[in-house]
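Happy to go through this one with you.

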Amino acid sequence: MFPLGMDYSRESGMVLIPTRFVWPYGGRIVYISGSFTGWTQWPMTPVEGCPTVFQTICSLPPGYHQFKFVVDGEWRHDEHQPFISSNIGIVNTILLTRESDFPTPILNPQMLTSGPGNMDVDNETFQRVVKLSDGTSPQPFPTISEADLEISRHRIAEFMITHMAYELLPESGKVIALDVELPVKQAFHILHEQGISMAPLWDFSKGKFVGVLSAMDFILIMRELGSHGSNLTEEELETHTISAWKEAKSYLNSQINGQGGAVSRQLVQAGPDDSLKDVALKILQNGVATVPIIHSHSADASNPHLLHLASLSGILKCICRFFKHSPSSLPVLQFPICAIPLGTWVPKIGEPNRRTLAMLRPSASLSAALSLLIQAQVSSIPIVDDNDSLLDVYSRSDITTLAKDKLYTHINLEETTIHQALQYRDDPFSALGSNNQRCFMCLRSDPLHKVLERLSQPGVRRLIVVEAGSKHVEGIISLGDVFRFIMGN
């Protein structure tokens, strides 16, 4: 049940609450019958795109109500919602708050975990109270229902299946590719000067794109060359071409995996006619940040043209743009992120162990930060004080700032602190911008649509969930988290 707003009866002046009822369990013909209908049967209609989900809107006065469903001629109640036995059998029950309770919006992070069904609330305007069969009152502000989640996922999936990768291409722009025979040092400088964190690799001898060079490659390179106990030198980087590094990386990975010889990894790519869903799945399943969109007019894929680097943020931007003027078609967008199984959160006292939230202090070494970026497989790490309040963020792409003034030739990863590395990065004249543009935050009470809009912006891959005022870190929402949630993976 969704209270949607307040209305007033013209005859009595009584406040009426338009309330949406949902039957998400299938059927051919479904009616609702309740104390507010005089126990007459009112028809429910299938939700567009979800023929197994039925809904209707009834205007109810504040107070205690009972209702049941009639599905294909059979009286049914929702077993996943509070119910009692009455003089007409088992019914669901609701208790709407008084008119005087409505003016103040309530955004309570404590959820009613009563499972899927037909009783929920618009959290930005109302506090819903459900009267349980034992007379107790649960915490207000419910979790999202399975019905709303199914509707939202179905409509997003339908959009992603019917829209193609070519829609991600900007009206104008440039895509930078690197020759695999370039020295690593030169590639390092190009990425920094262009303000980018990755670039596709072109092999002239094969006449095709063969891979991607990313900030993670530079992290691995610096750790590998720095493992000899000496500072990185410009000469060491000069002797390593991108091609030689990729071969060495394949060999190292094969040794770690116990596979023996070097194993080359095929380039993950997509064509302009691939669906947005296919592109998103390639990114998620292969653990990459971008997928090159490559087109060739030849049947043998010769003379390929690099059109774009597709990312989850670009796909999310398309989704946000498409549903911008019809947000009600995606019920999940109105729920706060704390009401949704999304992201990584700091566990509360007494909660079972969750996935560890990676954080570091400013005094930690740069080596520790790079190791954590690799081991935790994350794009950035919150830097916090002794009270776990957010100070800054260190990202994979920040490693490319060490190309500035050839910093990599005179730093030691173990001796350099994160605080010092952040100072190197925060040059206001840097192509990557200042620190003020890098800490992307949100609150646990922010609705999902607001979080999606922020994550769809270029360069934003994660949002740090902080406590208002103290900036105490409470969790992290990444692009990968969002797409695994909305795609049901």
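A residue is called buried when its relative accessible area is under 20%. The model shown here is predicted.

Q: How many of the residues in the chain count as buried, and what makes them so?
A: Of the 489 residues in the chain, 48% are buried. Each of these therefore falls under the 20% cut-off for relative accessible area.

Q: What is the accessible surface of the chain, and what share belongs to carbon and sulfur atoms?
A: The surface comes to about 23,700 Å², with 50% of it belonging to carbon and sulfur atoms.

Q: How do you know which element the predictor is most confident about?
A: pLDDT is that confidence, on a scale from 0 to 100. Helix 6 (residues 276-286) has the highest mean among the elements, 95, while strand 2 (residues 7-8) has the lowest, 46. Over residues 97-141 the pLDDT is below 50, although the model has 127 contacts there beyond near neighbours in sequence. Where pLDDT is low, the coordinates should not be read in detail.

Q: What describes the packing of helix 6 and helix 7?
A: Their axes lie 10 Å apart, at an angle of about 145°, and the crossing is left-handed.

Q: Why is the contact of helix 6 with helix 7 classed as nonpolar, with no polar or charged residues?
A: Leu276, Val279, Ala280, Ile283 and Leu284 in helix 6 meet Leu312, Ile315 and Cys318 in helix 7. Ala, Val, Leu, Ile and Cys are among the types that count as nonpolar, so the contact has 8 nonpolar residues, no polar and no charged ones.

Terms used. Residues are numbered from 1 along each chain as its sequence is written. This is a predicted model: local features need pLDDT of at least 70, side-chain atom pairs count only at pLDDT 80 or more; totals for chains, interfaces and linings use all residues. Side-chain values use heavy atoms; hydrogens and water are left out. Helices (H or I, at least four residues) and strands (E, at least two) are DSSP runs, numbered from the N terminus. Contact means heavy atoms within 4.5 Å. Buried means under 20% relative accessible area, exposed over 50%, partly exposed in between (1.4 Å probe, protein chains only). Accessible areas come from the Shrake-Rupley method with a 1.4 Å probe; for residues, only the protein chains shown count as cover. Axes are lines fitted to C-alpha atoms, for helices over the stretch in contact, and angles run from 0 to 180 degrees between N-to-C directions. A crossing is left-handed if the near helix is turned anticlockwise from the far one by less than a right angle, and right-handed if clockwise.
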